[in-house]
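I am opening a notebook on a structure I have not looked at before. I will go through it place by place and write down what I look up.

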Amino acid sequence: PPRSTLFPYTTLSDLFRGAQERLVFSSTMLPYFLILPLWVALAIVLPLAQTLHALQTKSEDRSTWLFYWCLYCAASWALYYFEWLVSIPFFVSIPFFVLSFYVDLYYESQLLLVFWLVFPKILGIKMVQVIVDTQGHIVMGYAQEGMTQVAKIVYEWFVTKKQA
């Protein structure tokens with residue numbers, strides 16, 4: 001049967017072969033050998049220099065950079081375990097799905113996010129810090145309510161196991 005231009009795979013084996021070809025031949029906007037040095041420069045070196053400057057001058061930005069490093073550690077931990085989940089929208093949603101056959105944008109989007117967070121003219125980390133400071137009590141309320149419900153469920157489970 002003739003292949004469609006939107007979905008060029010006629011059988012499941014064609015689909016898997018196409019996925020293998022995509023993994024081998026897909027290109028990125030930036031070559032992979034540039035992504036790691038850019039990531040280190042943007043996510044570690046630039047914030048480290050700004051953190052050291054804030055510590056030496058004893059400026060108000062010390063709390064901002066402490067917040068950045070806490071966020072960096074939390075995001076590194078979360079991405080270590082859940083990167084597969086975070087990258088799904090880049091391969092499933094319609095605009096990225098069509099584009100992901102030709103260009104892998106996942107790592108470039110991470111670089112853009114880090115650039116927005118730490119670039120001195122923008123300092124998106126300050127915006128994130130303000131949002132967390134002003135809206136954090138809402139999240140904390142939900143977290144406490146959830147923990148209370150989990151504690152009740154666990155307590156009831158232990159009580160029923162003890163009686164049985």
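I start with the term I need at once: a residue is buried under 20% relative accessible area, exposed over 50%, and partly exposed in between, with a 1.4 Å probe and protein chains only. The model is predicted, so I note that local features need pLDDT of at least 70 and side-chain atom pairs count only at pLDDT 80 or more, while totals for chains, interfaces and linings use all residues. Residues are numbered from 1 along each chain as its sequence is written, and side-chain values use heavy atoms, with hydrogens and water left out.

**Entry: the chain as a whole**

I looked up the elements and found 7 helices and 2 strands in the protein chain. Helices (H or I, at least four residues) and strands (E, at least two) are DSSP runs, numbered from the N terminus. Along the sequence the pattern reads α-β-α-α-α-α-β-α-α. Of the 164 residues in the protein chain, 19% are buried. I then checked contacts, meaning heavy atoms within 4.5 Å. Taking contacts between residues at least 6 apart in sequence, I find that 57% join residues at least 24 apart. The chain exposes about 12,600 Å², and carbon and sulfur atoms supply 73% of that area. Accessible areas come from the Shrake-Rupley method with a 1.4 Å probe, and for residues only the protein chains shown count as cover.

**Entry: Gln129**

Is Gln129 buried or exposed? Gln129 counts as buried because its relative accessibility is 13%. I place Gln129 in helix H7, which covers residues 124-163. Neighbours within four places in sequence aside, Gln129 is in contact with Ser63, Thr64 and Phe67. With one of these, Thr64, the side chain of Gln129 makes a polar contact through the Thr64 side chain, at 3.0 Å. A polar contact is a pair of N or O atoms within 3.5 Å; within protein, one must be able to donate a hydrogen and the other to accept it, and residues adjacent in sequence count only if both atoms are side-chain atoms.

**Entry: the salt bridge**

How many salt bridges does a search of the whole structure find? The search finds 1. The term stands for a side-chain nitrogen of Lys or Arg within 4 Å of a carboxyl oxygen of Asp or Glu. The side chains of Lys126 and Asp61 form a salt bridge, with 3.0 Å from N to O. This pair links distant parts of the chain, since Lys126 is in helix H7 and Asp61 in the loop between H2 and H3, 65 residues apart. Lys126 is partly exposed at 33% relative accessible area, and Asp61 is partly exposed at 26%.

**Entry: two positive phi angles**

Lys58 is not a glycine, yet has a positive phi of about 55°. I find Lys58 in the loop between H2 and H3, exposed at 62% relative accessible area. Leu123 is not a glycine either, and its phi is positive at about 45°. Leu123 lies in the loop between H6 and H7 and is buried at 14%.

**Entry: Gln50**

I came to Gln50 from Leu123. Gln50 sits in helix H2, residues 32-57, and is buried at 17%. Not counting residues up to four places away in sequence, Gln50 touches Trp65, Val118, Pro120 and Leu123.

**Entry: aromatic rings**

I counted 10 aromatic pairs in the structure. One of them is Tyr68 with Trp69: the ring centres are 5.1 Å apart and the planes stand at 80°, so the pair is edge-to-face. Rings of Phe, Tyr and Trp (its six-membered ring) pair if their centres lie within 6.5 Å; planes under 30 degrees apart count as stacked, over 60 as edge-to-face and the rest as tilted. Ring pairs join Trp65, Tyr68, Trp69 and Tyr72 into a cluster. Tyr68 is buried at 3% relative accessible area.

**Entry: Tyr107**

Tyr107 lies in helix H6, residues 106-118, and counts as partly exposed at 30%. Tyr107 is in contact with Tyr32, Ile35 and Glu83, leaving aside neighbours within four places in sequence. Tyr107 and Leu30 are 77 residues apart in sequence and 8.9 Å apart in space, C-alpha to C-alpha.
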